[in-house]
Amino acid sequence: MAYAHLLLALLFLLTIGHLLTLKICSVKLDHRAAPIFISLWTLLGVAAVTPFFGYLWAEGWDKFMAAPHLLALCVLKGGLLYLLFVISQELMQESLSSRHYVTPLAVGLVAIVNATLGEQLLPGQWLAALGLCGLSAAFFFRGHASDLSRKGRFAYVKLVALSVFLSSLDHVLTKNSNWFSLLLVSNTVLLAVSLALNRARIAVLRDALFHKYAALAGIFYMLTELVKFYQQVTINPVTVVVTAQAATKPVILVLSALLWKERTVKEQLVWGILAFIVTLPLFL
């Protein structure tokens, strides 16, 4: 139990780091650079842990060959991740706090969908997931998300839908294959799609490969993904992992107000503390 909580705490800190660095990239870099540097650094991270977890690839590939639809879903995830990251950067440029409030709105929907797929949650975990879902709906109408442009609101809705679908794919794929094979295949597809769609955009490729902020954001994202997928299903349920990431609200919202003037610190802190309180049943 202590090990499981330690992994959730580490994921909490890494999530803050990767959100802040992606926010900086959303302002300084073309949004289409994000899928490139994210997939590239994630694949480098997978390569780095191969001496420890490489044996999972043979196991995962055998499962993919025995059930080709799993491989198809993994490829589909790689393609959808391109859309997720580009749309995410568009929304994050306008509002980091609104981008971060995509996850909790998706959490309740993820819990419902994953429950139909066999994931077992305790009553407190259900309370936290559905509570965050309701709170983020209120944030959409009364918080900083209400200041979004029409394009920003549409991006928010699209990200919620993509997040729910991708989280459900994660549940199915990690349960029936393993996290190592999932990361390797999906990010290989993501990198291939990103390079194919941007092969003529030299500036985008240059920034994605060589810009210091792209490298920093890529490293944070890679570490976050490795820690997240390592613990999913076998150590912590997918919904619990997603909820732990959503619990970073107070920090992210206050920093959004301080650094990027998204409403006031007091208002953002209220929204963040409410999110933290709703998350407490996850740990009690």
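What volume does the second largest pocket have? The answer is about 200 Å³. Keep in mind that this is a predicted model, and the volume is a computed value.

On to how such space is found. Rolling a probe the size of a water molecule over the atoms shows where empty space is left.

The lining of the second largest pocket consists of 16 residues. Nearest the pocket's centre are Leu-56, Asn-178, Trp-179, Tyr-230 and Thr-234. Three helices, α3 (55-66), α8 (150-176) and α11 (212-231), each supply at least two residues of this lining. Which of them gives the most? That is α3, with four residues. Sorted by class, the lining has eight nonpolar residues, five polar ones and three charged ones.

Next, the surface. A nonpolar patch there covers about 800 Å². Among its members are Leu-258, Leu-259, Val-265, Phe-276 and Leu-280. Helices α13 (249-260) and α14 (265-279) each supply at least two of the patch residues. The largest share comes from α14, which provides seven residues.

Leu-258 sits in helix α13. Why does Leu-258 count as partly exposed? Its relative accessibility is 46%, and partly exposed covers the range between the buried limit of under 20% and the exposed limit of over 50%. So Leu-258 falls in the partly exposed class because of its 46% value.

Definitions and conventions:
Residues numbered from 1 in each chain as written. Predicted model: local features only at pLDDT ≥ 70, side-chain atom pairs only at ≥ 80, totals over all residues. Heavy atoms only, no water. Patch = residues over 30% accessible without salt bridge, like charges linked within 9 Å, V, L, I, M, F, W, Y side chains within 5 Å. Areas by Shrake-Rupley, 256 points an atom, 1.4 Å probe, with all protein chains shown as cover. Salt bridge = Lys/Arg side-chain N within 4 Å of Asp/Glu carboxyl O. Buried < 20%, exposed > 50% of the residue type's maximum accessible area, 1.4 Å probe, protein only. 1 Å grid on protein atoms, 1.4 Å probe; cavity = no way out; pocket = protein on both sides within 12 Å on 5 of 7 lines; lining within 4 Å. Points joined across faces, edges and corners; volume = space filled by probe spheres on them. Nonpolar A, V, L, I, M, F, W, Y, C, P; charged D, E, K, R; others polar.
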